[in-house]
Amino acid sequence: MDLQPATPAHQKTIGVLLFPGFEMLDAYGPMEMWGNLKHAPAATWGGEEKKVGIRLITIAAKRGEVASNQGPKTMADYGFEDAPQFDYLLVPGGLGVIPLLQDKATLNWIRARAGKAELVMSVCNGASLLAAAGVLDERPATTNKMFWKHSTDPGPKVKWVKKARWVDDGNVVTSSGISAGMDMTIAVIGKLYGKELAAWLEQLTEYDAHRDPSWDPFAVKAGLVRD
C-alpha cells in the first residue's frame, strides 16, 4: 500500500451527484472504492506509467450541505452552475430521487453532463433519474428490485433488466439496490484498469465483491423473476 502517493501524470475526475434524501451507501460505497485507488502500488497498476489519479468531487443544485436520507449531511463542493467538467458521472439513489423526477433543472443538468462524460454510473433508483433525463432510452439497465415499478416507471423506453446485480452497457453502467453499487464499482475498475487492481481493492477494503452481474437473489425475493 502506497501511503504517500505521488500525483500521477494521468487523472480522471468523478462527479458525484448529491440531492436531499440521497442514500448514503449509494454514494459513499463507490466513493470508498474509487478514492482508495491512489494507495494502490504501481505494480498493481502494471507500472508507474499506467497509474491514474482519481479526483472525487460532489455536486448538488447548490453548493453547500446536503442531507442524506439517513440524516448526516455531506458538503457539495459545487453547484450546477459552477461545477467543472468531469470524466465520470455517478448518480446515487434514495427517496430524494422521487421529487427530482419532475425537476427540470436537475434533469437538464444530468442530460447535459451525461452527454459529455466518458462513463455514466448509477446506483439503485439513481437509474430513475437517468431514465427521466432520457439517458437510458433504448438501453439495457437495472435498478432497485424492492421498488421496481416505481423505479422503472420514469423510463418507458428503457430496456429494463429484472434480474441483474448490475448492467454494463459500455459507457453507461447501472446497478441494483444500494450495496450493489460497490460490486458495480469493483467491476468497472477491473474493466478499465485491470482485474489485479480490482482484487487489490477488495483485499484493502475487506470486501468480497460479487463478480457475476447476473447474480441477483433479490429479484427473486421481490417476485420479479422465478428462481
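## Strand β11 and its partners

Let's start with a pair of strands: β7 (residues 119–122) and β11 run in the parallel sense, joined over three bridges. Strands here are DSSP runs of E with at least two residues, numbered from the N terminus, while helices are runs of H or I with at least four; two strands pair if DSSP finds at least two bridges between them. Within this pairing, V120 sits opposite V172 of β11.

On β10 (residues 166–168), the pairing with β11 is antiparallel, again over three bridges. Here D168 has V173 of β11 as its bridge partner. Three residues lie between the strands of this hairpin, and G170 takes a positive phi near 80°.

## Which way the side chains point

Look along β11 (residues 172–175): V172 and T174 point one way, V173 and S175 the other, and all are buried. Buried means under 20% relative accessible area, with exposed over 50% and partly exposed in between (1.4 Å probe, protein chains only).

## The whole protein

Zooming out, the protein has nine helices and 11 strands. Its radius of gyration is 17 Å, close to the 17 Å that the globule rule gives for 227 residues, so it is as compact as a globular protein of that length. That radius is taken over C-alpha atoms, and the rule is 2.2 Å times the number of residues to the power 0.38. Of the 227 residues, 52% count as buried.

## About the model

This is a predicted model: local features need pLDDT of at least 70 and side-chain atom pairs count only at pLDDT 80 or more, though totals for chains, interfaces and linings use all residues. Residues are numbered from 1 along each chain as its sequence is written, and side-chain values use heavy atoms, leaving out hydrogens and water.
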